[in-house]
Each structure stands twice: as C-alpha cells, then as structure tokens.
Amino acid sequence: MDPEASLGSLSHVPGTGRPVPEAKPGLVQRWRSGGGELVELLSQVREQFGSIAAFRLGPAPTVLVTDPQAVQHVLARHPERYVKRSHRARLLIGDGVLAATGTAWKRQRRLLQSQFTGTGMRRYEQRITAAARTTAGRWGGYARTGQTLDVGREMRRFALDAIWRSLTGHPLDDGTERELAAVAAVAAALPTLPADVTDAQDAVAADLARIDAVARHAIEAARGGAVGPDGPGLLHVLIDAANERPEYTDRLIRDELVTLLVAGHETTATTLTWLYLLLDRYPAAREQALAAGDEGSAQRRQAIQALVHETLRLYPSAWILPRHATEDDTLAGYTVEAGTDILICPYLTHRDPELWPDPEHFAPRRFITPDRRPAHPGAYFPFGIGPRACLGLQFALRESTVLLEHLLPVHTLAFSSTPTKAAYGITVRPDGPTPATLEPPRT
C-alpha cells in the first residue's frame with residue numbers, strides 16, 4: 001500500500017506537536033466490510049509516528065496506543081477517564097454485560113464474575129471435558145472414513161457445545177446448533193449493516209428472531225425447573241437473580257444469554273482455528289508440545305497452553321479496543337483532550353519487534369522459557385486488561401487446553417486449502433473455509 005495514498009494530508013493535533021495522518025474517506029467502511037486496510041493504516045501510523053500517535057478517521061483526532069505502559073494507563077489505571085461507548089454488537093447482544101456501561105455494567109459484571117473464577121470455573125470442568133470428548137469421538141469417525149471436515153466449523157461446534165452445556169446443563173443437539181448458527185451469521189454481518197438502527201434490524205430480522213426463539217425456549221425451560229443431565233447452569237444463576245433484582249427482566253436475561261453465547265464460543269473457535277493453521281505451517285511445534293511430558297502431566301499441559309498463548313499473541317481475541325476520553329488527560333507526556341477517540345490495538349502491540357523478537361514467527365516457547373516474553377502486563381493482553389477485561393478468559397483457556405489434550409496426540413490435519421487473508425471484524429478470523437482431512441499423527 002502506498003503510504004501517501006493511505007495516510008493522506010497531514011495536520012497537527014493541539015498538545016502533541018506531532019503530524020496527524022488523515023485516513024482517506026471510506027476507509028472505515030472498507031474496514032467494516034472485512035478488509036485489513038485499517039490494520040495497514042495503523043501499522044504505518046505506528047511505524048512512522050511511534051507507539052502513541054494521533055491520526056484522523058473523521059473530523060476529530062484519534063489516538064493510536066500500542067505502548068505497554070500507555071495501554072495500562074488507559075485500560076487498567078484510569079478506566080473512568082477512557083470509557084467504552086456503544087458496542088458494535090449491541091444489535092445482537094442488547095444490554096448484555098459486554099455492551100453495558102456505568103452502574104448497570106458493575107451490577108452485571110459482579111453477578112457473573114464469580115462464575116468464571118475459582119470455584120465457579122470448577123463447576124464447568126466436566127462440561128468442557130464432555131464437549132471435548134464428543135468432538136474427539138466425531139474426529140475419530142472422520143479419521144476412519146477419510147471424510148473432509150471444515151476446521152473452523154468444527155471448532156465453532158465444539159466451543160458452542162461447551163458454552164451451551166455450561167449455560168443450560170444440556171449438550172448441544174443438532175437442532176439447537178442449526179438455530180444458533182444465526183448468532184454467527186449476525187456477528188459476521190454486523191460490520192456491513194446500515195448505520196440506521198431500524199434498517200440494520202430489518203436486515204437481520206430473521207436471524208434475530210431465530211436467536212430470540214432459542215433463548216426464550218431455554219429461559220422458559222430453566223424457569224420451569226428443567227435441569228439438564230449436567231445439572232443447573234449459568235442460565236439458572238441469571239433466573240435466580242431475577243427473583244431478587246428487578247432489573248433482570250426476561251429481556252436482560254436473554255441479552256446476557258446471547259452475550260455469553262457470542263463471547264463464549266466465537267473467540268475460542270477462532271483461536272483454535274488459527275492454531276491449527278499455524279501448526280500446519282510449523283509442525284514441529286506440535287511435536288515439541290507432546291514431547292514436553294506424558295499425557296496428563298503438568299509439563300504437557302503447560303506446553304499446550306503455550307501453543308494457545310502464542311496463537312493469541314498473533315491473533316488476539318480482542319484485536320482492537322476503542323475507548324473515548326471523557327476528560328483531559330496526560331498520556332505518556334502527551335496531552336489528550338476530552339472527546340478524543342482512543343484505539344488500543346493488541347494486534348500491533350503483540351507484533352512490536354521491540355517487545356517481541358521475530359514477532360511474525362510462531363514460537364510457543366516464548367511462554368515457557370523465562371525472559372522470552374516482556375514482563376509488562378500491557379505487552380500481552382489478548383483479552384484486554386483492567387476492569388473490563390474479558391470475563392471468560394479462564395474459561396476460554398481451559399476449554400482450548402482440554403480440547404487440544406484430546407486431539408493433538410491422536411490427530412494431525414492435512415489442509416486441502418488455507419485462507420490467504422484475515423478478516424478484521426469483531427474478531428480477527430481466517431477469511432475463508434478451512435477444509436482438511438485427518439492424518440495419522442506425526443512421530
């Protein structure tokens with residue numbers, strides 16, 4: 001890409017004394033349609049103007065932040081000065097915890113927090129393992145028949161099964177899976193929907209109706225006392241909360257249910273798909289992980305977790321984190337005026353060669369060998385940091401690790417084709433199908 005054509009004319013932002021690259025008209029819309037032009041622009045902004053740099057995406061300046069200390073300043077130390085505004089997925093998730101703000105967000109977050117840490121996570125161990133065993137059994141069938149599978153679809157199916165069991169106590173059945181495909185359809189469509197809210201709703205009305213029907217049925221079943229074979233789940237926690245908290249209407253319960261479905265399977269599925277694509281390019285990484293220790297050992301688990309972490313470094317679940325400055329502030333010596341938009345970009349921080357040597361190389365040992373990764377918390381934050389960091393971090397890491405413990409020792413994949421590009425939307429995902437067949441494991 002030609003830098004002059006991409007960056008356009010230069011001006012100055014008061015308080016910084018730095019030139020401000022100005023994005024060409026239409027760039028944001030092209031980004032929303034799945035292109036990587038914004039990523040290319042941000043990469044050039046960082047390369048030319050540093051890890052804290054102002055540029056223009058519209059009439060007001062935007063500040064790109066990739067410096068670890070500045071990232072921590074914005075997200076962890078002063079979240080009250082740099083706030084989330086509307087969430088791009090609000091059309092889908094409504095007032096769920098991802099989109100909520102202010103006191104409503106604090107109440108919702110407090111209720112869910114205990115479910116994803118410590119004792120709460122232990123409640124879902126068996127459900128995650130059951131979903132992994134189901135997937136392993138299905139892959140055994142593929143191996144026997146030589147059937148082609150789509151890795152992305154398989155990873156979505158596993159992750160959706162794991163979160164559905166955790167929400168409802170029931171394994172994912174074929175009918176529910178078909179209906180919940182509407183969740184992925186709406187999520188994929190969000191960046192290209194019309195700006196007008198009514199027009200946007202009309203464009204995905206049929207899919208939203210399918211999602212609402214599944215949610216309504218699950219809520220009614222749980223409220224009626226139905227408990228799945230795995231026992232009560234997160235949905236029952238939300239319903240119990242409604243008995244004491246009037247704000248937990250059926251609509252808010254629906255919004256939290258859909259939020260957990262979206263956040264609980266899309267990011268994990270995308271990470272696992274990228275991981276298998278990376279192992280196709282770096283097969284020795286799989287062998288090294290399995291050689292780290294015996295089945296079930298702490299050493300092997302640590303090595304598998306390193307595969308996941310290195311995948312998240314290259315393809316973080318939250319690849320871009322927009323914030324809005326509510327008051328004047330000083331950020332790493334620069335004046336940030338109230339009203340300025342901030343773009344935190346884990347994708348670029350994770351690929352900064354000053355932080356990560358040979359950053360484009362897939363090297364899981366960064367997360368095993370001491371001193372191979374930067375110590376600053378703002379250098380690696382695939383799920384965000386601070387009070388709005390992803391609630392499901394431990395859940396996502398646990399389900400990824402458990403599935404890989406079941407699949408890696410038994411199966412390797414032979415891709416018949418692989419995507420050549422990434423699509424940058426709510427997540428950064430492979431831009432295309434991922435067909436593959438199963439081979440005997442490499443030894």
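In this predicted model, the second largest pocket is lined by 19 residues, and those that lie nearest its centre are R156, E266, T270, R429 and P430. The volume of this second largest pocket comes to about 360 Å³. When the lining is sorted by class, 8 of its residues are nonpolar, 7 are polar and 4 are charged. Of the contributors to the lining of the second largest pocket, α14 gives the most, with 4 residues.

The relative accessibility of T168 is 7%, and because buried means under 20% relative accessible area, T168 counts as buried.

The side chain of T168 also takes part in polar contacts with backbone atoms. One of its polar atoms lies 2.8 Å from the backbone oxygen of W164, and a polar atom of the T168 side chain is likewise found 3.1 Å from the backbone nitrogen of H170. Both distances fall within 3.5 Å, the cut-off applied to a pair of N or O atoms in a polar contact. When residues up to four places away in sequence are not counted, T168 touches G228, G231 and H236.

Methods:
Residues are numbered from 1 along each chain as its sequence is written. This is a predicted model: local features need pLDDT of at least 70, side-chain atom pairs count only at pLDDT 80 or more; totals for chains, interfaces and linings use all residues. Side-chain values use heavy atoms; hydrogens and water are left out. Buried means under 20% relative accessible area, exposed over 50%, partly exposed in between (1.4 Å probe, protein chains only). A polar contact is a pair of N or O atoms within 3.5 Å; within protein, one must be able to donate a hydrogen and the other to accept it, and residues adjacent in sequence count only if both atoms are side-chain atoms. Contact means heavy atoms within 4.5 Å. On a 1 Å grid over the protein atoms alone, a cavity is a set of points where a 1.4 Å probe fits but cannot get out, and a pocket is an open set with protein on both sides within 12 Å along at least five of seven lines; lining residues have an atom within 4 Å of a point. Grid points are joined across faces, edges and corners, and a volume is the space filled by probe spheres set on the points. Helices (H or I, at least four residues) and strands (E, at least two) are DSSP runs, numbered from the N terminus. Ala, Val, Leu, Ile, Met, Phe, Trp, Tyr, Cys and Pro count as nonpolar, Asp, Glu, Lys and Arg as charged, and the others, Gly among them, as polar.
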